[in-house]
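Welcome! Please take a moment to look over the chain and its fold before reading on. The tour below goes from one spot to the next.

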Amino acid sequence: MTQSAFDTANHDDYPTRLPTEKWQERKDPVVWGNWTPEAPLTRAQTESFEKNGYLVLKDVFSPAEVAALQKESAHMRSGEAKIAEDNVITEPGSNEVRTVFRLDEENALFARLASDRRIAGAVSFLLDDEVYLHQSRLNYKPGFTGKEFYWHSDFETWHAEDGMPRMRAISASILLTDNDALNGPLMLMPGTHKNFIACAGETPEDNHKTSLKKQEIGVPSHDALTKMAKEHGIDYASGKAGTVVLFDCNTMHGSNGNITPFPRSNAFFVYNAWSNRVVQPFAAKAPRPAFLSSRDPKGPISIETGKIG
């Protein structure tokens, strides 16, 4: 990164972790490029993403591909796979696996999934740039005991604690189990990506050690969430296994707990624009560990085609 690019990146257009909560309009595009008939998404899909801040794509992966991914997922959660201890987060109050980080490094099949044109190609189009993985993980919300995850904007944390300069990142959730209204699916507030909520409070040292299980810093107030919910409503991303949910880095989202007998699992990839690589944190003394924020990517993802598994 050149010095001029570095200086631009370190100019803070989204100050947060302030004495009081503040609202501001988004200063970045949502869809960075222009749609053409050759785009991997239709015009309607592109416009829907721009308007709502997320997009649900049904039947992206075949039953055979899903079965192969489910097999690898079960193996990783079984305790038989050799996974680095730092990459595993358990459920609060139990030893059940909640999250496996660095998914693309821990498993070759999921690395192939991350580079698949059906996901990475669509994201690269929306961001109008080559992309790399800022973060990857396997999420598992077990039946009966799967805990909720509170409302938040990912960008607020990535900006404050990782040093992500611009809102030029998109998350992809690949459903490995059926997600419905009952088993703790992803919930989103459509349209909330158009405003940035600067949260109140300073970032504690090593905040990630507690925020991965229960996020308390970098979340909007009840008043702000109520205002957003009344204005935009709340939706949930349902679909059969093989569905892909793309959502903007600043879309307000969360999930309920899962007290059904049916677990919820997904592979989760955060794609950041290559031109938007992280710098020093904007509201923390030190960046989060590399398993949460890739700080030295070797190069953009090489997008692949063909079946998985």
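Is F291 buried or exposed? F291 counts as buried, because its relative accessibility is 10%. Please keep in mind throughout that this is a predicted model.

## Rings that meet

A search of the whole structure finds seven aromatic pairs. One of them joins F101 and F291 edge-to-face, with 5.2 Å from centre to centre and 65° between the planes. The two partners come from distant parts of the chain, 190 residues apart: F101 belongs to strand β4 (residues 97–101), while F291 is in the segment after β13 (264–273). F101 is also buried, since its relative accessibility is 3%.

Elsewhere, Y14, F155 and F196 come together as one aromatic cluster.

## A buried asparagine

Now look for N87, in the loop between α3 (63–77) and β3 (88–90). N87 has a relative accessible area of 3%, so it is buried. Its side chain makes a polar contact of 2.7 Å with the side chain of E106.

Who else surrounds N87? Setting aside neighbours within four places in sequence, N87 is in contact with T99, V100, F101, R102, E106 and F291. Both rings of the edge-to-face pair, F101 and F291, are thus on the contact list of N87.

## The two sides of helix α9

Helix α9 spans residues 222–232, and its buried residues are A224, L225 and M228. Why do they share a side of α9? Their arc around the axis is only 95°, which puts them on the same side of the helix. The general rule behind this is that an α-helix has 3.6 residues a turn, so residues three or four places apart point the same way.

The face turned away from the buried side carries H222, D223 and K230, which are exposed. Over the buried residues of α9, the cover includes β1 (22–25), β6 (149–152) and β9 (195–198). Just after the helix comes G233, with a positive phi of about 80°.

Most residues other than glycine have a negative phi. R17 is not a glycine, yet has a positive phi of about 60°. You will find R17 in the loop between α1 (3–10) and β1, and its relative accessible area of 7% makes it buried.

D128 is another non-glycine residue with a positive phi, here about 55°. D128 sits in the loop between α6 (117–127) and β5 (131–141), and counts as partly exposed because its relative accessibility is 47%.

In soluble globular proteins, nonpolar side chains tend to be buried together. Here the largest nonpolar core has 43 residues, and those touching the most other members are F61, F110, L113, I174, L246, F269 and Y271. Helix α6 gives this core its largest share, seven residues.

Not counting residues up to four places away in sequence, F110 touches L69, E72, S73, M76, L103, L138, L176, A267 and F269. There is also a second, separate core of 19 residues, with Y132, W158, A198 and V278 among them.

Notes. Residues numbered from 1 in each chain as written. Predicted model: local features only at pLDDT ≥ 70, side-chain atom pairs only at ≥ 80, totals over all residues. Heavy atoms only, no water. Phe/Tyr/Trp six-rings, centres within 6.5 Å; stacked < 30°, edge-to-face > 60°. Helix = DSSP H or I, 4+ residues; strand = E, 2+ residues; numbered from the N terminus. Buried < 20%, exposed > 50% of the residue type's maximum accessible area, 1.4 Å probe, protein only. Arc of directions from axis to C-beta. Contact = heavy atoms within 4.5 Å. Polar contact = N/O pair within 3.5 Å; in protein donor to acceptor, adjacent residues only side chain to side chain. Core = buried A, V, L, I, M, F, W, Y, C linked by side-chain atoms within 4.5 Å.
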